[in-house]
Structure formats: C-alpha cells, structure tokens
Amino acid sequence: MKINSPLEAYKYLPQTNCGECGEPTCMAFASKLIDRSSKTSDCPPLVKEKKYAKKLVELDRLLSPEIRQVTIGVGERAANIGGDDVLYRHKLTFFNKTKMFFDVSDNIEEAAIIERVKKIADFKKFYVGRNLLLDGVAIRAVSNDPAKFAAAVKKVAEIGLPMIFCSFNPAVLKAGLEVAKDKNPLLYAANKDNWKEVGELALEYNVPVVVSAINDLDALKTLAKTFAEAGIKDIVLDPGTYPSGKGLKDSFTNFLKIRRAGIMGDTEIAYPIMAIPLTAWMAGIADPVSASYWETVMTSIFTIRYGDIMILHSMEPYAVLPEVHLAETIYTDPRTPVSVDGGMYKVGSPDMDSPVFFTTNFALTYYTVESDISANNIVCWLLAVDTDGIGVEAAAAGGQLNSAKVKDAFEKAGFDLNRDTNHHTLIIPGLSARLQGDLEDTLGAKVMVGPMDSGRIPGWIEKNWPPKK
Amino acid sequence: MAKKVKLSEMTDMFKGMDILSLEGVTIEGDIEIDLSGLGGGGFDPMLAAILGQESAMLAQHFSRIAGMFGVPVGMGAPGVAPGVAPTVASALAAPKFKDLIPSKFDVANIAEWTTQIQEVPIGNTSADGGTRGKQVMLGGEKALPFYFDAPMPHRNQVTIDVFDMRIGLAKAVKENYDEVMDSPGEWAKKNVDKFNADMITIHLISTDPLVKDTSAKDAAKTVEEVLQAVDVPIAIGGSGNPQKDPEVLSKAAEVSEGERCLLASASLNLDYAKIAEAALKYDHDVLSWTQLDMNSQKELNRKLMKQCNVPRDRIIMDPTTAALGYGLDYAYTNMERIRLAALMGDEELTFPMSSGTTNAWGARESWMVGSPLGQDSDWGPREYRGPIWEIVTGLSLAIAGNDLFMMMHPTSVAVLKHITQSLFGLVEAEPVDIANWIGSEV
Ligand code: B12
Ligand code: SF4
C-alpha cells in the first residue's frame, strides 16, 4: 500500500457521509480501507458515479498491496495467494494463507490418480468453528507425454480443486491447457530455456505462470520483468527450494531477500513466492517417516518466511496436521479477537433432563468444546460465558472467569438451573475446579467438576450422568 | 556411510547410540493417558501430560532418523529421473517475446537493526572456576535468526529435562527410562550420552508442598548428584510453587556455587529478588519468565537489572511457549516482537530467549489417540504426531528469535537440532540437483 493514514484515503472519497457503506462517515470508511477490512467497492457512490471514476482508479492504485495477489483455479475453492503489505504479522496481518498443493504424477493408473486427488479434496481438520483444508493439486508430467498429461489433467479437473501444471515442456503444458481451458491453472514453469513458449501460453490462455530460476535472483527478476512487460500480470516466483545443508540456507535467504525487496517497493519482483518442500524426498533420506518429517520441517520454515504457495508430497496425517495448523497460526489476524457471542447455546434439542455445561467465549475454546460434545451426540445446554474472548485456563488465572461472571451469564440468558432443569446441576470445566464451592453458593445449585479436556466429556458423561441423588 | 555428512553434534549422537540393538523393538499398544487424573498435585497438567506420553516408537525413531543422514537412494537423483529436460517444441514459435529484459536484483540490509543481543554464557569450565566440560554461549545476534544481514554468532542449544522423582510414566516410556528414573544422575547421563543434550534441566518438583514437600536441602543434594554425573552446563528448575521456589533455588544455587547454572525461574509472582541475590552471590544466571506479555517482560527485566543489580550477561528470558494450535500465534509474535524491539535498541529486551518447548505436548493433536470428532480426516498414529508437534512448535520459535530449547522427546531434539543447524550453516550436505524435481520418482 502506498498510503498508510485514513486522511490520505479520505481525499479520494466522496466526503458526503451518506452512510451507504455502513459506516457513519467517510472518514470511518477510510480507516477501514487502510486496515484492509473494507474495499473501495463497498462505497456505492464511488463505484457508481462517473465523476468519481478517476479518483477510484487512483485510490485503488494507492491501496493495492505491495505484493501482487494472484488467483489460481475458479469457483468456490479458487486459491488466492500473495497480497501482503508487511514483513511481520503483528504490523497488520498476513493476507491469503499459504496454499498447499499436493503432487500427483501423470504416469500412474487412472484409479490411483482419482484416489489421491479425492483424498486431497476430502481432507479436513476442524479448528475454531471451521475446517482446515488442503488447497489444490500439482500434476507432475513425469511421463513428459502431452497425451498422457492431458488425460491426467482431465481426471483431476473433474474433482474441482485448483491445479498447477508441472512441466518444462511447453507442448505438455499446452495439452493440459487444452483440456482445462476454463480452470485457470497455474503453469509451472518458465525458465531460461523455455520462457518464450511458456510466456506465450500464459498470454494465449490467460492463466497465471511461475517463473523459475534456481538460486539466481538476477535471472528470476529478469524473467519476471520480461513477462510483466509483455503484459503478463499473474506471476509467481520460484527461486528454488533446496532440501538440505547450505542449499537450504541459500533458499531461505532467497525468500527473505525477495519478500523484503517486494515490500520495500521493488515492483519488478513483488510477486507471490512458491516453495517446493517436496524436494525433501530428493535429499537421500531413505526412511519415509524421516523424509516426511523433513518435508514438514521445510514447509514450516517457508510458511513462516514468505512462501505463498507450496508443492508437497506427504499426505500422512502427521505431516499434514502440523502443516495446516502452522499456516493458520501465522495467518490468523492478530487484530481481531477470535470470540463467539456469549449466551446459552443448544446442542441438539435439550430438555429439562439434559446436562448443562459452561465454557468461555474464546473461539478456540468454544468450538473445541462444542464440537467435542456434538460429535458425540450429547444433547445438552452449553453456556458461553463472556470472558472477553479468553480461554478457560487463562481467564481463570486472569480474573475474567469467576462465579459472578457465570451467574451473570445465566441471568442474561434467562436460564435458571432450578427452574429450567430437573437436576439443578451445572457441570464446569476441570480447569475451573477452584470455582466449584463459590458457584454452588452463588447459583444455589449443584456444581460438578468435569474433566480438564473437553475431549473427555463423553467418557465422563457415561460415568457420571445422570447425577446420583 | 560414504556421504560427507559433517554435523559435529549429530554424528556424536549416533556414535553414542547403539542403533543395532534397537532393532526389533516391539511397539506397545495404545496407551491412553488420563489427563484428568493428573494435575491435582500442584504441578502443571501439561507437564504431566508430556511425562505420561507414550514413546513406544521412540527407539524406532532413533534408527529411523538416522536415515536423515544416510546415503541418497536413487530418488530423483540426477540422471535417474525420466527425461523431463526442457525440450522446447519448435512448433510454438513466439512472436510476442523477443529478448529477455535484463534486470539486477538488489536489496539492502535493515538499517534499524543497530543493537546486538547480549551474549550470555551458561556453565563455568575450570578456566572460570567451575567444573563443566564446556560452556554454552547464547545470544550475540545482530539480526533476526539465520538472516543474511549479519551472521549469527552462536547456534541454538537444547536442554533436556530430568526430574527429581519417579513420576507417572506410561509403560512404554518406562521401558526407556525405568533404570534411570530413581537416579537423577543416571537420567542426566542418559540424556547427554544417548540423546545428545547440550545441557540438562533438573526439575525439583518433589519440593512442591502438594507433591512430596521435600526440603530445600534434599533438593540441593539432587543438584549435586546431577553436577557430578554430567559435565554439561545445567539449568535448575523449581516446582513452580511461588512460595517455595525462592528458598529451593537459593539452596540449590549455594551448593552449585561457581558452576554458572541457569536458575529457573524468576517471575513477577514470586520473590524474584531472592533468586537474583542467590545468582549474584553464587555465580549463576537467571531465567526471567513472564507470560506472553512483552510489557511484563520489560518490567521484570528492569527490576532484575535496576532493583537487584543483576548484570546484563546473566539474564535470559522465557516469554512463554504456547503449543502449535493452542496459542502459538501469541507466543510466536510475542518473541518476534521482543527480538525486533531489542535489535532496534530496546535495552530492556536485548537478552537471549528460552522456550519451554515441551508445552507442545499440551496440544491434544500431539497426544490423543485420535480425533474426538468423527468428521475429521484420520489423525493417524499419534506416535508420529507428538514429536513433530514439538519440532514445529520449537522451529517456529527458533525463527522468531528463540535461542535455548527445553525439550523432552529425543526425536524432536535430533530433528530440531538438524534443522536449526542447517539454517545456521553448520550442516554440509551433498548438493542436490533439484532442477528435475518434476520427474523424480517420489
Ligand atoms: C494462549 C494463552 C494466553 C493468551 C490467551 C488468549 C486467549 N484468547 O485466551 C494470553 C496471551 C492473553 C494469556 C494471558 C495470560 N495467561 Co495465559 N496461557 C495461554 C496458553 C499458552 C494457552 C491457553 C489456551 O488457549 N489453551 C487452549 C484452550 C482451548 O483451552 P481452554 O480454554 O482451557 O479449554 C480447554 C479446557 O479448559 C476444557 N474445557 C473448556 N471448556 C470446558 C467446559 C467443560 C464443561 C469441560 C468439562 C471442559 C472444558 O477443554 C478445552 C480443550 O482442551 C496457556 C499455557 C498452555 N496451556 O499451553 C497459558 C496459561 C493458561 N496462562 C496463564 C497465565 C497465568 C496467564 C496470565 C494471568 C499471565 C499474566 N500474568 O499476565 C494472563 C491472563 C490474561 C487474562 N486472562 O487477561 C497460566 C495459567 C496458570 C494457572 N493455571 O493458573 C497458563 C497455564 C500458563 C502457565 N503455565 O503459567 N494467556
Ligand atoms: S458510502 Fe462512500 S460516500 Fe457514503 S459514507 Fe461511505 S465512504 Fe462516504
């Protein structure tokens, strides 16, 4: 972004305070533009009225992120990469979580291709109210045969995930494009030998393209510049990902340099970067568990330091789970508290005999508890106590969770344990056990201490519910 | 192994490990750890969770991880890969492009990184009046870790935990530690000889009034035992009881006079002055521990320096480690901000950092048998999930600026060391030709 104060953005707005954007004033809207929580298209007059057209164009230019945003694929699961404005997440936030594409070779049986791609498409891991997913498929033209590659592409395309076409052979890439014209795949890659032909394909089919120059930033920048001048906008950079020793250190350094230059304003190299941790499998590590561990280690490094899109191999849960969690960690928005509204929630259709639990309104806590309960078909009442979005353990230590708060939450929800249940009992988190006595007094109801981890609620319920008289 | 794998620490480790004898290790069945049964004792339930971790696969891992340093086997090796060399189809003549438009890449160093992180040694050798075989040096950075702006002077270090009492271990863990668990000295030895620990942390948890309430004098004996058993530098941890820790740590400091141990920890909720006093009187370092809050960290460091006169070269910070998926976003950014502020001249934060990386085992993904949620994709065997959870947690913090890692799982230690030393530049590996990765037989 070329500007960083709301005042500078305000200059380009209609300044009528009409309120159509949902903000009371243009100035308020301007600050949302600066922190990127709104887009210019959210101001209807600016978009609709001709007299603002020039200002809109200029404002969009000023607001566009330092690192270009590139879209791969189409439809619901299209993957956006790049779009960042800062080197450290606490300075704003990182946008567009690192996208993880898993490889499939074009020379394996059709059924095996379909099976692997389905596995990629179906992966999910529940986390704070949503599912962490894998992002796409990188089809490797191991055969180097256009017909074979096209056949594989056709199969993969049916599943609907974004695709990367991996070949240095323009004829192979073209064959793939012919069967997936409208799927907006990413071409991998143009290098010093084939750049004219691959660049031509990117223009002809209007698809994003990777430029590749291993451990040579001058060459990489030269390719990117050449493509940009020819009118290709959606460029991704591959500086090479060495898997071990000094090579790995060089790759790490290249990622740092490219992103720093881009954020500092070198527009010729301000594009998303691709990492290829799959090369872990080329490092001579004989044991597959170790190779997989190493791939995860490489993925972690480049998730933290500026890899926007990756090509990976191992689908083992012990590889994928930490990978998707780390991307989520680095890309959560540090500006917004992740919390749910306080109040009484129903899991299933609870009645007067159903158990009553409380938890806090920290999103990680609430969704963890809620999903542990609902996944095990426990029908119950679940009270989310407003602790300013702090988890049970931290809130109990920090004072946001006490018996008065719990009582208050019951009152606000209009729920009375003695009137609305037959058992007059509340089950509390094990980590808030110290509140038990106090709560019995304040609520005038029975209080049972549940397990410390909500994952154990099902077992606990089996043993302890309904409560003995 | 005909490979040029030069990694001083790691080769030592494998020399010390009788890999052959680990063959055919049988794997324990699934052992469910009951978290809810622990914790009443006043010590951290997360700690208990790790102690209760299965490590049936642990021995197997050692032999497996050895593969990491092994000879390349065919996979994608140059020449073996099917022909995917760039064959340019001439049919696709390209009118739009004529010649490359040359451009040079250049990027400046960060001018604002003006301040060096304090160097802090742990452990005194005979030259300094102690009996340690070597000294561990932390800090000294002038840039973020592994950055090109300025070389990093000292590599990351790993200290492995020892406890002063037998604690609830799963059967499979017992198989590995059973013979040493009643002897902190033997336990420490094993960590150094077999698991390549740079340092040892002795946790005096039995002193907790809610555990065994052993005396400060008993604790001091344990410390002496460990000092005699190993010659690496040691960290001394209390039980976490804020009333008793100052007394226990002072006594421990007294009997280890002149060894320059790391006293863990001074914090705002206990008598930090007493711990600082012991450090000064008996020649030790202080771990300044706060909980995920940069301003509290500044406050405690300031108090240690100004109020207690602790010299700058005796302070290490622990800004708290939260596990991957359970607050790592806070821990990561807290450390990164602290390190950036220090490099830009905040003298209250220019200290090396330490991480309780074992906290990673608090995340359910690291220890639960499987997902409690039916709709999740299969979580796979947890034996492999736990160590990588600890590795990724530690590695993330290494990149954020952390220097010293307090760890427990030997596999995690081995991999974390290998990757941090790769980024540091210590690892020589045969160059890999990655140009043909597309066609490699993965
Ligand atoms: C992230 C974190 C923070 C974040 C909190 C972010 C947030 N939005 O909550 C921040 C940085 C703000 C923070 C601050 C503090 N923290 Co803090 N923090 C942590 C940390 C690293 C992880 C906590 C977490 O998110 N866990 C995951 C969530 C999902 O857990 P949970 O909410 O407890 O829910 C689980 C269970 O309680 C249970 N459960 C939940 N609901 C229910 C309901 C029922 C019915 C049942 C049966 C079970 C159940 O299941 C859930 C899943 O397992 C822990 C250390 C650790 N454990 O690794 C320390 C920790 C919790 N913090 C601690 C402390 C002391 C603090 C501070 C007081 C530090 C300080 N001096 O400033 C402050 C207090 C801040 C405040 N309250 O205002 C201590 C608490 C010690 C204690 N037990 O008394 C801990 C344990 C660290 C430590 N070892 O010292 N912290
Ligand atoms: S919609 Fe546009 S003109 Fe109206 S208040 Fe919002 S920013 Fe101002």
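A residue counts as buried when its relative accessible area is under 20%, as exposed when that area is over 50%, and as partly exposed in between. The structure described here is a predicted model. Lys32(A), at 27% relative accessibility, is therefore partly exposed. Its salt-bridge partner is Glu23(A), and the closest N and O atoms of the two are 3.4 Å apart. Glu23(A) has a relative accessible area of 19% and is therefore buried.

Side chains of opposite charge can pair when their charged atoms come close. Over all chains, a search of the whole structure finds 50 salt bridges. One of them connects Asp453(A) to Arg364(B), with an N to O distance of 2.6 Å. Asp453(A) and Arg364(B) are both buried.

A further salt bridge is found in chain B, where Glu347(B) and Arg312(B) have their closest N and O atoms 3.4 Å apart. The relative accessible area of Glu347(B) is 43%, so Glu347(B) is partly exposed. Arg312(B) is also classed as partly exposed because its relative accessibility is 25%. Elsewhere, Lys134(B), Arg155(B), Asp198(B) and Lys417(B) are joined into one network by salt bridges that share partners.

Aromatic rings were examined next. A pair of aromatic rings is described by the distance of the centres and the angle of the planes. The search of the whole structure finds 17 aromatic pairs over all chains. Among them is the edge-to-face pair of Phe252(A) and Tyr147(B), for which the values are 6.4 Å centre to centre and 80° between the planes. The pair crosses between chains: Phe252(A) is in helix 10 (residues 245–263) of chain A, and Tyr147(B) is in the loop between strand 2 (136–138) and strand 3 (157–163) of chain B. Phe252(A) has 0% relative accessibility and so counts as buried. Tyr147(B), with a relative accessible area of 6%, is buried as well.

Another pair is formed by Tyr366(A) and Tyr367(A), whose ring centres are 5.5 Å apart. The planes of these two rings stand at 75°, so the pair is edge-to-face. Tyr366(A) is buried, at a relative accessible area of 6%, whereas Tyr367(A) is partly exposed, at 25%. Ring pairs also link Phe252(A), Trp113(B), Phe146(B) and Tyr147(B) into a cluster.

Charged side chains are also placed over aromatic rings. Arg36(A) lies over the face of Phe95(A), 3.5 Å from the ring centre. In another case the charged end of Lys257(A) sits over the ring of Phe148(B), at 5.0 Å from its centre.

The shell around ligand 2 includes Pro14(A), Thr16(A), Asn17(A), Glu20(A), Phe29(A) and Pro45(A), together with Cys18(A), Cys21(A), Cys26(A) and Cys43(A). Gly19(A) and Pro44(A) also surround this ligand. By class, the shell has eight nonpolar, three polar and one charged residues. At least two residues of the shell come from each of helix 2 (26–34) and helix 3 (44–48) of chain A.

Val137(A) belongs to strand 6 (residues 136–140) of chain A. Its relative accessible area is 0%, so Val137(A) is buried. With neighbours within four places in sequence left aside, the residues in contact with Val137(A) include Phe101(A), Phe102(A), Val104(A), Val117(A) and Ile120(A). Val156(A), Leu161(A), Pro162(A), Met163(A) and Ile164(A) are in contact with Val137(A) too. Lys412(A) is 275 residues from Val137(A) in sequence, and the C-alpha atoms of the two are 49 Å apart in space.

Chain B contains 13 helices and 10 strands. Of its 442 residues, 62% are buried. Among contacts in chain B with a separation of 6 or more, 74% are between residues 24 or more positions apart.

Notes
Residues numbered from 1 in each chain as written. Chains lettered and ligands numbered in written order. Predicted model: local features only at pLDDT ≥ 70, side-chain atom pairs only at ≥ 80, totals over all residues. Heavy atoms only, no water. Near = heavy atom within 4 Å. Helix = DSSP H or I, 4+ residues; strand = E, 2+ residues; numbered from the N terminus. Nonpolar A, V, L, I, M, F, W, Y, C, P; charged D, E, K, R; others polar. Salt bridge = Lys/Arg side-chain N within 4 Å of Asp/Glu carboxyl O. Buried < 20%, exposed > 50% of the residue type's maximum accessible area, 1.4 Å probe, protein only. Phe/Tyr/Trp six-rings, centres within 6.5 Å; stacked < 30°, edge-to-face > 60°. Lys NZ or Arg CZ within 6 Å of the ring centre and 35° of its normal. Contact = heavy atoms within 4.5 Å.
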